[in-house]
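Please keep the sequence and the coordinates at hand while reading.

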Amino acid sequence: MPSSKANIICLLQILWEYSDAENILSMKDIKLKMKLLYDREIDRRTVYDCLNELNQLGYDISMFEENKEGYYLRERIFDVSEVRLLMDSVYANNTIPARHSMELIQKLQNLLSKPKRKSYHSLMICRDHAKTPNKETFHNIDMLDKAIAEQKKVSFIYTEYGFDKKLHQKGSNRHIVSPYSMAIYDGSYYLICGWDGVEEPRHYHISRIKDIQLMGEKSQPMPTNFHLDEYIQNAVFMYSGKPERIKMKCHKYILDQIIMRFGTDIQIVPNDDETFIASLYANPNGMYVWVLQFLDTCEILQPLELRERICKVVRDSPYK
């Protein structure tokens with residue numbers, strides 16, 4: 001059995017696991033848990049001494065003199081709402097494999113007291129079918145982070161889904177790129193990078209990268225006029241290509257949808273009682289996909305090429 005010096009560690013663990021503002025431990029509770037969990041018989045004076053030492057070390061413990069009920073750990077690394085937000089983010093992120101999602105959610109729950117963890121059991125069941133099957137995702141992120149820090153190129157195999165719903169190599173060659181940055185967009189991780197001899201930056205879905213290797217070759221520098229936030233904003237649905245000025249007439253019902261998708265850095269001018277004109281820079285290929293969701297409430301005015309492309313798919317649709 002550990003020496004009496006371990007009492008303070010055991011007590012801290014008990015407070016961490018079992019106490020919060022809604023679950024205050026009495027002196028009797030603490031002594032009982034010390035016996036049941038650690039087989040340690042301690043007196044009240046020892047408990048008081050350990051509690052005082054923990055407070056002096058910076059642990060915010062509410063004492064009986066303050067709350068008139070008992071003792072609990074008042075301040076944690078994250079509060080309950082913050083842990084819930086982080087767990088929801090992990091659950092919703094399809095880039096993280098199901099097993100890793102469950103492990104991360106469990107680790108986040110361990111930041112709470114055990115009584116609080118019971119509120120979040122619904123998040124323990126991750127939907128395997130909606131999560132990436134690529135177990136190399138975390139390794140990819142580590143390798144890319146290292147490559148960016150060391151300014152080295154990487155090579156990898158890029159994959160795509162087949163009719164068997166599994167990932168298969170896309171093309172016959174390995175991709176060799178200069179990593180610039182990583183970004184999260186719509187719950188997925190992307191690598192933003194450059195190709196030798198190509199001015200326009202490219203991006204890859206990190207969960208579809210396999211067999212990544214760090215190369216000894218120095219990466220090419222990021223273009224001086226490249227701004228990551230603008231690139232992400234303009235690449236609707238992460239389609240590649242140069243952004244263009246998009247002008248569209250929209251029904252007021254989708255104003256929320258437009259601002260949530262494109263942010264507040266767009267021009268919005270009322271047109272009549274029911275519609276408005278929105279103007280923004282975006283990738284036409286991505287806008288094509290986006291507008292098809294709102295054909296009854298959104299009309300592309302410019303560029304004319306995009307407008308005609310959308311009109312053609314409507315004219316040729318067998319479901320009209």
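Not counting residues up to four places away in sequence, D20 touches Y72, L73, S113, P115 and K116, where contact means heavy atoms within 4.5 Å. The model is predicted, so local features need pLDDT of at least 70 and side-chain atom pairs count only at pLDDT 80 or more, while totals for chains, interfaces and linings use all residues. Residues are numbered from 1 along each chain as its sequence is written, and side-chain values use heavy atoms, with hydrogens and water left out.

D20 sits in the loop between α1 (7-18) and α2 (27-38); helices (H or I, at least four residues) and strands (E, at least two) are DSSP runs, numbered from the N terminus. Its relative accessible area is 7%, so D20 is buried. On this scale buried means under 20% relative accessible area, exposed over 50%, and partly exposed in between, with a 1.4 Å probe and protein chains only. D20 and K114 are 94 residues apart in sequence, yet their C-alpha atoms are 9.4 Å apart in space.

Strand β5 (residues 175-185) contains S181. S181 counts as buried because its relative accessibility is 17%. Leaving aside neighbours within four places in sequence, S181 is in contact with I148, Y190, L191, I192 and L228.

Turning to the cysteines, how many disulfides does a search of the whole structure find? The search finds zero, a disulfide being a pair of cysteine sulfur atoms within 2.5 Å. For C250, the closest cysteine sulfur is that of C298, at 3.7 Å, which is too far for a bond. C250 is buried, with a relative accessible area of 1%. C193 also counts as buried, at 0% relative accessibility.

On the surface, L292, L295, V313 and V314 form a nonpolar patch with about 270 Å² of accessible area together. Patches are made of residues with over 30% relative accessible area and no salt bridge; like charges are joined within 9 Å, and nonpolar side chains (Val, Leu, Ile, Met, Phe, Trp, Tyr) within 5 Å. A salt bridge is a side-chain nitrogen of Lys or Arg within 4 Å of a carboxyl oxygen of Asp or Glu. Accessible areas come from the Shrake-Rupley method with a 1.4 Å probe, and for residues only the protein chains shown count as cover.

Finally, the protein chain averages a pLDDT of 84, and 89% of the residues score at least 70; pLDDT is the predictor's confidence in each residue, from 0 to 100. Over residues 122-127 pLDDT stays under 50, and the model has 16 contacts beyond four places in sequence for these residues.
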